[in-house]
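Dear colleague,

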Amino acid sequence: MALLQVLLLFFSLTLLTVPRSVSGEHEHNITALSARCDRAVSRHARQILQQYVFKHMHGKQRVDQLPASCPLAPLNDILLEHEQHKARKNKAQHRCTYCQKVFKNEFYLDQHLQRKHVDTIPHTATSCLAEVCDVLQCDWFSLHHQLQTSRMSKKKREEKARAAGAHCMPQAATRTRQLCEEVGNKCFPVQAHTGSQRDLKDPGDHKWDSIHEYWMHYFCAASTCNIDQKNELMLAVVDASTSYSRTIGIAVLLIVVLAMFYAGLYVWWSASSSAANDPSGKSKRVQPRPALTKPAGRGYINPPGTGAQPPGYGYSQHEQAVGQSGLGAAYATGQGQVMHSAHAQHAGAMHQRGQVGYG
């Protein structure tokens, strides 16, 4: 009897305690991870990746082919989905493209996305880029941008940079370098990309044939408390990205200039071909209207082949006005005065007295 009671109690507890499903537990983990992931820091890390790392990747290993275990892969970025559904009209209008609500700054928009649209984050996204911001040297890039946009002298900028690096802890720098190497081995395995990337040069004119060597030499080696070494390596990264962007801009400008040149050449060739097919040039020449002639002793006559004209076409404006007013009209010629038959009734008397005449 006691055994039966124990079994009934165990069965009732099993029914009351509903186990959480795997999908529900995963959604809970995503919600917790996205809540503790700093969105502003992740945005900064994402910008550094796109501008200074992903830009140099092409060939066999592209950004969309990064391993699934890579924490830098866009498919693993837990906040990328939300960042792609933001629209900014100006500094005071940030719109959520999920529900079209508008917020006065990005901070409130981030809170809205976390509260209302956390279910849109893909289940495959498990990486917070803010956790690798130290590996990407986010602090150095922030300070570099701040110093470059300030009006400080070069000496003061160097002093501020050294003061910022004075708080570096050697043990923390060592852990950051180890984490950087782990990320590099996961994201850019050596056997997958050797010789497939664009050559990158450091200040010593050494060529790096792979994105793995580029990552290890610049980002991982910059995880040090040696300020001069860090500045030298990171400035080389900035220069490499700037030169790459400058090369792209020059190529685009050259393409535009060549397109304009060939367009002008085509227009000139078309005009030359038309002129060669029509030596007389009559097809392109505008034919002038035939001039009216006035033979001796007569009014204006119609040009040959022009057909009949409306009444009064052959007369000048002055002659028509005189004829319509009843004063009469006469045309003077070298042999004398000739009376036009159309106005003889109006100007007969005046013409006989010699009061009206035209020279």
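The notes below cover a helix pair, an annotated span and a group of aromatic residues.

This is a predicted model, in which local features need pLDDT of at least 70 and side-chain atom pairs count only at pLDDT 80 or more, while totals for chains, interfaces and linings use all residues. Residues are numbered from 1 along each chain as its sequence is written, and side-chain values use heavy atoms, with hydrogens and water left out.

Helix H3 (residues 39-52) packs against helix H6 (residues 138-149) at an angle of about 85°, their axes being 10 Å apart; the two are therefore roughly perpendicular (65 to 115 degrees). In this contact (heavy atoms within 4.5 Å), His44, Ala45, Ile48 and Tyr52 of H3 meet Cys138, Phe141 and Ser142 of H6.

UniProt, in an unreviewed entry, lists residues 94-122 as "domain: C2H2-type", an annotation that may be inferred rather than shown by experiment. In the model that span is 38% helix and 17% strand, and its end C-alpha atoms lie 23 Å apart.

The structure holds 9 aromatic pairs (ring centres within 6.5 Å, using the six-membered ring of Trp). One of them, Tyr214 with Phe219, is edge-to-face, at 6.3 Å centre to centre and 80° between the planes (edge-to-face being over 60 degrees). Trp215 and Phe219 are instead stacked, at 5.0 Å and 25° (planes under 30 degrees apart), and because they are 4 residues apart in helix H10 (residues 211-220), about one helical turn separates them. Tyr214 and Phe219 are buried, as is Trp215 (under 20% relative accessible area, with a 1.4 Å probe and protein chains only). Phe188, Tyr214, Trp215, Tyr218 and Phe219 form one aromatic cluster.

Terms used:
Axes fitted to C-alpha atoms, helices over the stretch in contact; angles between N-to-C directions. Parallel < 35°, antiparallel > 145°, perpendicular 65-115°, else oblique. Buried < 20%, exposed > 50% of the residue type's maximum accessible area, 1.4 Å probe, protein only.
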